[in-house]
Every structure is written in structure tokens, then in C-alpha cells.
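Take a look at the sequence and the structure below. Then follow this short tour of a few of their parts.

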Amino acid sequence: MAPHNERPAASRDPRPADPAAAPGAGAPRTGEGGVGDDWERRLTALPAGHPLRSEGVAQSPLVRTLRGLPAAHTPVWFMRQAGRSMPEYRAAREGTGMLEACLTPELAAEITLQPVRRHGVDAAIFFSDIVVPMKLSGVGVDIVAGRGPVLEHPVRTAADVAALPELADADLDPIREAVARTVAELGDTPLIGFAGAPFTIAAYAVEGGPSRDHLRPRTMMHADPQSWEALAQWAARTSGAFLRAQVEAGASAVQLFDSWAGSLSLGDYEAHVQRHSADALAAVAELGVPRIHFGTGTGELLAAMRDAGADAVGVDYRIPLDEASRRLGGRTVVQGNIDPALLPAPREVLHEHTRDVLRRGRSAPGHVVNLGHGVPPETDPDVLSELVTFIHKETR
Ligand SMILES: Cc1c2[nH]c(c1CCC(=O)O)Cc1[nH]c(c(CCC(=O)O)c1C)Cc1[nH]c(c(CCC(=O)O)c1C)Cc1[nH]c(c(C)c1CCC(=O)O)C2
């Protein structure tokens, strides 16, 4: 790997940078997990030959930043970077259903690699979907184009919950194979694995499909707390196993997507949701990979989401990163939060907004640039490539 220019972007880290330092060599910033945690100790459970054990991936801007260490530049990747905005994605997906594509290892690996090749982003995100582990366990679910996940039978009663099939370890083999194929091509670029958080998974299960306010799962947690508990535990086990399979096969970081947690009050989040997300994140704790926790509309939940066991918190476009960092006590790495609405704006407008995001991100102990939510399908892919170059130039 080329030696890194170790000058921190905005001298936000007063410690001298040492490019030869082993992971975890930095002085701890906090004593309770998150930034500055004892990474080296946490690596011991990772399989031999794992990419995170290589110098290239361990010293990559994404991994260093998520660990709270200074990096060569501010890393950037985009949620939904693999998808309909790219002509090569549309070509690869031609005639293949979404879930079928996710479960064809060669195709899933190829699609995962496409945005890394095209945009030069600092991470790949595994091409799959939050409902894939549900599908692999045997639940009747499909992804309907333009709509999202739809279940054959919504899960609404104690009997529905009791009938949910358990995911078997061997069910995850196509995931392991796709991840292994992907990391074999990625070199020093880390792969981010992901899963849906229990609330977001349960929201699809109880509603039976996409919904706006997620009323049914929110009703269930109060009206039938036992069923809610059993459903959320099932979702945490299933998502946890999905995360673990990706990490063991080669993912070097993970993101838990609680996309719909923004419909919850802080009280409901703490009483009925947080411990289940903590269980999902705990499934990879001993493997030592950095963990990102993301939701939309979750400005009130940021600290609670961090406390579920995350090293970094993803922030949507609704609150600025300096305010997010303040709510996190200034001790947690943040990810975000370019407003996807600005992608088609004139270049100077997008650049000014991006500079503002970078400036505000400097108030946190680390900043990974992302969008506030996924790449809209109609995005001009050249805008994303140019944005990556711009961010790297601004922060080198
Ligand atoms: C809520 C959610 C889902 N899936 C996901 C979430 C959490 C993130 C978020 O909040 O957006 C997660 C997801 N889905 C997909 C990825 C792949 C990696 C990446 O980010 O590049 C990831 C991380 C691929 C996908 N997942 C889906 C697509 C589009 C399918 C297609 O190309 O036909 C992709 C690329 C389908 C999907 N799957 C889901 C929805 C709402 C949709 C959109 C339906 C549509 O508009 O057609 C459920």
C-alpha cells in the first residue's frame, strides 16, 4: 500500500500520527467502547487471512476513521451506491429479480464492485438487502420494484411470530461465497457488511410491506408486548447471523440500518427496541470490526443508537453534523450527511453544501462522508464520481 499522508484533515486529532502503528496503538479517547476502544484485543477472534488483518485494509481511510484515528483523507461512500443510477447495474440486473440477484454470488459480487470501480469510493457496501436473511430463513418475501419488500403473510399475532422459521447456518452459504468473491477483488478497499435493525425488519414483517408511519409494529409493542419481544428477538438473531456471516467471510466494517426508527419516540426506542439492536450488533462484537448504526429522522435517538453498541452513528440530512456530534457528547465518529436533494443542483451549490458538511463534521472525532439517505435512482453517476474526487481533494 502506498504510504499515507498522515496529516489529519483539520488537525482534529492532536495526537501525532504514526502510519506504522498497529491497529489499536492510539491512546484511548474513552474508556467505554466506541472511539479509541482496544481494537487489537477485539481482532483476536477474526479468522486468519481476513482482510482487516492486512495492512492495506487496516490502514485504509475508512477503517482508520471509524476507529477514531487520523486518515490520509476523509473517506466517502454512498448508501445505495450500487443500484439503478448506474448503467452497468441496470445491464447486470436485466432479466434477474432483485432477490435472485442477491442470492447469485457471482452477480452480487460484480454489482458490489461496480461503484468502487466507477466512483473510487473508499468502501464497497455488500450488494444484498435487509430482507435477504428473512428470505433465506424461509419466510415468503419478495422485493417488488418501485415498492420494496412485501411479505406473503404479515406477522401480526403470537401464532404468526411462533411460526417464523429459524435461519440455519448453511442458509448463509451464498452470502459467504459472494463476500469471499468480492473481497478477493477489492484489494485495500474495505467491504462494509450490513443488516436491517430489528425494528426496521419487524416494521416490514408486521405491516407486510412498506408503510409510512409504521403504526402496526408500534401498536404491537404496547398492545402485545410478548409477541413484539419474540418478533424483535427473532429479527435480532436473524440480522445478527447475517452480519456475522459477512464479517467472517471478509467484511471489515458493518452498518446496521434502522431506516424507520425515526418513527419511534425516544421512550419507545429505549423500552422496546434498543436492546434488540444491541443484540444484533453484539453478534460481531468479538470480531473487532467497526460498527456503524444508521437511521433516518433519528435526531432524537442518536445517543441511544450509539449506546446500542456502535462505534459510529449515521446521520440523515435533517440535522447538521456539528449538532449531531454535540448530541453525541463530542466523542463519537459520525457518518453523513450530504442531502441527496442537492445532487442534481448546480455543481457550485453541491460543492458549497459539501464544504459545509465537511466543516461541521470536523467537530466530531472522525467523519465518514455519506449521503443523508440512499442514492436516488435518477442520479447522474458522473455527479457521484466528481463528488468523491472533490471530497478527497478538499480533505487531503
Ligand atoms: C429499507 C431498506 C431496504 N433495503 C435496504 C434498506 C435500508 C436502507 C434504506 O433505508 O434505504 C438496504 C439495502 N438495499 C440494497 C442495499 C445494497 C447496497 C448499497 O447500499 O449499495 C442495501 C444496504 C440494495 C437494493 N435494495 C433494493 C434495490 C432496488 C432494486 C432494483 O434495482 O430493482 C437495491 C439496489 C430494493 C429495496 N429494498 C428495500 C427497499 C425500500 C427497496 C426499494 C424498492 C424500489 O424502489 O424498487 C428495503
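## Annotated spans, a hairpin, a helix and a ligand shell

In this predicted model, residues 75-84 are 0% helix and 0% strand, and their end C-alpha atoms are 23 Å apart. An unreviewed UniProt entry annotates this span, along with residues 192-208, as "domain: Uroporphyrinogen decarboxylase (URO-D)". The table sets out both spans.

| Span | Helix | Strand | End C-alpha atoms apart |
|---|---|---|---|
| Residues 75-84 | 0% helix | 0% strand | 23 Å |
| Residues 192-208 | 59% helix | 29% strand | 28 Å |

Strand β2 (residues 141-144) pairs with strand β3 (residues 148-151). The pairing is antiparallel and runs over four bridges. Val141 stands opposite Leu151 in β3. Three residues lie between the two strands of the hairpin, and Gly146 has a positive phi near 80°.

Now turn to helix α11, residues 215-223. Which of its residues are buried? They are Pro217, Met220 and Met221. These residues sit on the same side of α11, because they cover an arc of only 95° around the axis. In an α-helix, residues three or four places apart point the same way, because there are 3.6 residues a turn. His222 and Ala223 are exposed, on the face of α11 turned away from its buried side. The cover over the buried residues of α11 includes α10 (198-207), α12 (225-249) and α13 (266-282).

Last, the ligand. How many residues are around the ligand? There are 23, and Ala82, Gly83, Gly148, Phe257 and Ser259 come nearest. The shell divides into 11 nonpolar, seven polar and five charged residues.

Technical notes. Residues are numbered from 1 along each chain as its sequence is written. This is a predicted model: local features need pLDDT of at least 70, side-chain atom pairs count only at pLDDT 80 or more; totals for chains, interfaces and linings use all residues. A residue is buried if 20 or more other C-beta atoms lie within 10 Å of its own, exposed if 12 or fewer, and partly exposed in between; C-beta atoms are placed from the backbone. The arc is that of the directions from the helix axis to the C-beta atoms. Two residues are in contact if their C-beta atoms, placed from the backbone, lie within 7 Å. A residue is near a molecule or strand if its C-beta atom, placed from the backbone, lies within 6 Å of it. Ala, Val, Leu, Ile, Met, Phe, Trp, Tyr, Cys and Pro count as nonpolar, Asp, Glu, Lys and Arg as charged, and the others, Gly among them, as polar. Two strands pair if DSSP finds at least two bridges between them. UniProt positions are given in the numbering used here, feature names are shortened, and annotations may be inferred rather than shown by experiment.
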